[in-house]
Amino acid sequence: MAITSANQLELLQTAEAVAREKMIDPELVVEAMEESLARAAKSRYGAEMDIRVKIDRKTGRAAFTRVRTVVADDELENYQAQLTVEQAKPYLENPQIGDEIRDEVPPVEMGRIAAQSAKQVILQKVREAERDRQYEEFKDRVGTIINGQVKREEYGNVIVDIGRGEAILRRNEKIGRESYRPNDRVRVYIKDVRREARGPQIFLSRTDPQFMAELFKMEVPEIYDGIIEIKAVARDPGSRAKIAVISYDNSIDPVGACVGMRGSRVQAVVNELQGEKIDIIPWNEDQATFLVNALQPAEVSKVVIDEEAGKIEVVVPDEQLSLAIGRRGQNVRLASQLTGLDIDIMTESEESERRQAEFTERTNMFMEALDLDEFFAQLLVSEGFTSLEEVAYVDLDELLVIEGVDEATAAELQARARDNLEAANRKALEHARELGVEDSLVNFEGLTPQMIEALALDDVKTLEDFATCADWELAGGWTTVNGERVKDEGVLEKFDVSLEEAQNLVMTARIQLGWVDPTELQADEEEQLEETEAGA
């Protein structure tokens with residue numbers, strides 16, 4: 001098509017119409033037209049030329065301009081679009097590198113192929129502008145609920161019309177039993193919005209725990225107003241869920257507010273989630289109390305927390321075990337997700353058996369090491385003594401409280417314990433030296449002979465070897481592999497060496513070897529402390 005006065009205004013009218021239809025800026029459409037006309041002109045005048053087109057925003061007139069740029073002599077590559085300073089002198093009075101020479105060229109007749117190419121450029125630009133608009137509109141709505149209409153289903157994934165764009169509800173984000181037909185209304189959670197090559201991808205979910213939290217926010221005004229806060233959510237989509245809530249107003253019961261009059265509020269959420277059973281639990285700062293609440297409806301007899309390992313042991317009555325674990329472990333799994341702890345559940349009889357086994361083991365140890373009869377050894381264990389070190393170095397008064405123990409007996413007990421420990425230390429050190437341990441490690445303060453023996457068995461035989469160890473290699477720890485917590489056994493873990501103690505020992509070894517400057521270390525610690533205080 002030729003750009004004539006008859007169709008000049010049509011360009012602007014077309015741009016306006018496309019912009020209105022796609023809800024984008026008309027300027028973007030006009031720019032796309034300018035680019036498409038420039039591409040058509042290049043196919044007419046030559047691809048090497050730098051042809052630019054400017055459409056007058058009032059009249060619709062398209063001006064075609066050939067541009068040549070002044071470049072340095074050694075940079076001249078394209079003779080059609082570039083020229084040197086010398087070559088530019090006939091056109092410019094004092095040409096400088098970077099100057100441009102512009103010459104108007106006649107408008108082009110657009111052939112069928114050129115018109116098709118121009119159409120493709122405009123469509124591409126319009127699509128890009130539409131994607132940008134959609135991304136900008138939805139990127140800040142991540143974490144909110146939106147209503148949509150099902151358009152179609154592709155390979156189990158549901159394409160949802162959300163008004164000014166399309167979004168995808170993946171197969172694994174649907175609640176198990178749900179199926180959709182075209183034009184069905186659906187309420188979904190915007191999980192993620194990503195800018196990708198094909199345009200912004202809006203990912204929806206109905207299984208995300210936060211979907212349930214947002215539904216409660218819609219149903220419970222107190223949550224929306226901030227009087228009640230949802231602290232944690234755990235879901236087994238379509239089956240069961242637990243939600244922990246806390247009230248910042250003493251006169252409002254958080255659980256009652258979420259349940260609503262005759263269960264109206266929670267029932268509205270349950271209906272939306274296809275009958276998912278929901279346990280509403282009062283959140284508590286105390287981990288043990290919170291866990292007892294989280295394991296409802298099961299009753300809990302006792303809770304033992306191992307904070308360093310991030311594990312927790314829960315003791316329940318024998319008849320409550322199946323209830324606490326739940327069908328296919330569901331109840332304990334959701335409680336674990338809710339609290340963020342690994343939970344081991346055992347019955348009262350199992351715990352009693354374990355305690356009895358520990359009691360017997362310690363009794364036998366004292367009988368053998370201190371040459372005591374069974375009754376006396378049992379008295380020691382009953383009073384809370386668990387190791388020879390405790391007997392050897394405890395205050396004498398703590399032994400005197402044991403029935404039948406006078407000062408002479410207490411002194412004898414401590415002497416036997418110390419003799420036994422010294423003999424064990426000598427044996428451990430001799431074994432370590434046989435394994436090749438050097439004096440640098442033996443003389444290092446903070447390691448007992450048994451620790452040195454354990455290190456030697458792990459092929460750590462010099463102070464240099466020890467200084468290269470990581471703190472978790474010594475103290476042990478936990479890592480997450482494929483979503484499951486896995487135990488890393490530490491070389492010195494059986495000696496109750498904490499992660500912080502291991503870190504201090506390794507750093508001391510590095511300082512002694514001259515690998516670390518203690519003054520720099522102190523400066524780093526002070527800087528970290530200042531940053532922490534500033535953050536607080």
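Glutamate 348 is placed in helix H12 (residues 348-370), where a helix is a DSSP run of type H or I with at least four residues, a strand is a DSSP run of type E with at least two, and both are numbered from the N terminus. The model is predicted, so local features need pLDDT of at least 70 and side-chain atom pairs count only at pLDDT 80 or more, whereas totals for chains, interfaces and linings use all residues. Residues are numbered from 1 along each chain as its sequence is written, and side-chain values use heavy atoms, with hydrogens and water left out.

**Surface charge**

- Glutamate 348 has a relative accessible area of 36% and is partly exposed; buried means under 20%, exposed over 50%, and partly exposed in between, with a 1.4 Å probe and protein chains only.
- A surface patch of negative charge brings together Glu299, Asp318, Glu319, Glu348, Glu350 and Glu353.
- Such patches are made of residues with over 30% relative accessible area and no salt bridge, with like charges joined within 9 Å and nonpolar side chains (Val, Leu, Ile, Met, Phe, Trp, Tyr) within 5 Å.

**Salt bridges as a whole**

- Side chains of opposite charge can pair when their charged atoms come close.
- A salt bridge requires a side-chain nitrogen of Lys or Arg within 4 Å of a carboxyl oxygen of Asp or Glu.
- The count under this rule is 22 salt bridges.
- Asp50, Arg52, Glu100 and Arg102 are joined in a network of salt bridges.

**Glutamate 166 and lysine 151**

- These two residues form a salt bridge whose closest N and O atoms are 2.6 Å apart.
- The pair links distant parts of the chain, 15 residues apart: glutamate 166 is in strand S7 (residues 166-169) and lysine 151 in strand S5 (residues 145-154).
- Glutamate 166 is partly exposed at 32% relative accessibility, and lysine 151 is partly exposed at 39%.

**Two pairs that involve strand S10**

- Arginine 235 forms a salt bridge with glutamate 276, with 2.9 Å between the closest N and O atoms.
- Arginine 235 lies in strand S10 (residues 228-236) and glutamate 276 in the loop between helix H8 (264-272) and strand S12 (277-282), so the pair ties together parts 41 residues apart in sequence.
- Arginine 235 is buried at 6% relative accessibility, and glutamate 276 is buried at 0%.
- Arginine 333 and aspartate 236 also meet in a salt bridge through their side chains (2.9 Å, N to O).
- This pair links distant parts of the chain, with arginine 333 in helix H11 (residues 330-339) and aspartate 236 in strand S10, 97 residues apart.
- Arginine 333 is partly exposed at 35% relative accessibility, and aspartate 236 is partly exposed at 22%.

Key
Accessible areas come from the Shrake-Rupley method with a 1.4 Å probe; for residues, only the protein chains shown count as cover. Lys and Arg count as positive and Asp and Glu as negative; His and the chain ends are not counted. The place of a charge is taken as NZ of Lys, CZ of Arg, CG of Asp or CD of Glu.
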